[in-house]
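Student: Could we go through the pockets and the ligand site of this model?

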Amino acid sequence: MNKLKLGDKNYLYPSPIVLVGASTNGNPNYMPVSFCSIINRVPAMIAISLNKSHYTRSMIKENGVFSINIPSADMVEDTDYCGLVSGRDVDKSGLFDTFFGVLDHAPMIEECPLNLECKVVHELELEGSNVAIIGQVIETYSDERFLTNHQPDLKKINPILLSMYEYNYYSVGEIIGKAWSVGKNKK
Ligand SMILES: Cc1cc2nc3c(=O)[nH]c(=O)nc-3n(C[C@H](O)[C@H](O)[C@H](O)COP(=O)(O)O)c2cc1C
């Protein structure tokens, strides 16, 4: 074994970048989040981890709802900007066209190829600065042009991926095999 020990780091590569949407007093706010993962299939649940000091966190606490918006690579500049400034100091709502679905207070971004509106079902205060928030997905939205056979098409969505400690954004590469299938060659 010639591997180097790199320490107790959260090296989970790559991280998808989503814009989490929330609102207060009718004002939408968006922040990029890389700590985001699917954690249940039925009912559909997604976990995000937010620093407790973020403005978005206080809005989610206030209303118990949030949205997950998947930006495409051509939205990288606006997405990054949302992570450089706080909604406490700057109104970020004008960057995007906002729409609402079935949940009040969970603003979604028209320009993003995929939108998920979520109701908070669990929260877990973590050691240190963050709170893990688990949302049940209540409804999802997309445009025909991002779908193939009525399912989201990764190539068409062209999401942003983060290489965390390298501080670089990537876009997706090539298909290398059919999932739950290519391994059958080994049987
Ligand atoms: C690429 C990127 C990923 C980020 N991921 C997270 C994250 O997973 N959790 C978190 O709490 N903050 C994360 N941040 C930081 C927040 O997005 C940032 O502090 C933002 O300005 C908070 O906005 P708000 O104060 O309007 O809520 C990330 C920032 C960037 C640029």
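Student: What volume does the largest pocket have?

Tutor: This is a predicted model, in which local features need pLDDT of at least 70 and side-chain atom pairs count only at pLDDT 80 or more, while totals for chains, interfaces and linings use all residues. Residues are numbered from 1 along each chain as its sequence is written, and side-chain values use heavy atoms, with hydrogens and water left out. A pocket is an open set of points on a 1 Å grid over the protein atoms alone where a 1.4 Å probe fits, with protein on both sides within 12 Å along at least five of seven lines. Its volume is the space filled by probe spheres set on the points, joined across faces, edges and corners; for the largest pocket that is about 1,500 Å³.

Student: Which residues lie nearest the centre of the largest pocket?

Tutor: Lining residues have an atom within 4 Å of a point. The lining of the largest pocket has 24 nonpolar, nine polar and five charged residues. Of its 38 residues, those nearest the centre are Ile 38, Leu 114, Pro 152, Leu 154 and Ile 157.

Student: Which pocket does the ligand take up?

Tutor: A molecule sits in a pocket if more than half of its atoms lie within 2 Å of its grid points. The ligand takes the space of the second largest pocket.

Student: What is the volume of the second largest pocket?

Tutor: The second largest pocket is lined by 30 residues, with Met 31, Pro 32, Val 33, His 54 and Gly 83 nearest its centre. By class, 15 are nonpolar, 12 polar and three charged. The volume of the second largest pocket is about 660 Å³.

Student: Which element gives the largest share of the shell around the ligand?

Tutor: The shell consists of 21 residues, the closest being Asn 51, Thr 56, Val 85, Ser 86 and Gly 87; a residue is near if one of its heavy atoms lies within 4 Å. Strands are DSSP runs of E with at least two residues, numbered from the N terminus. The largest share, four residues, is from strand 3.

Terms used: Ala, Val, Leu, Ile, Met, Phe, Trp, Tyr, Cys and Pro count as nonpolar, Asp, Glu, Lys and Arg as charged, and the others, Gly among them, as polar.
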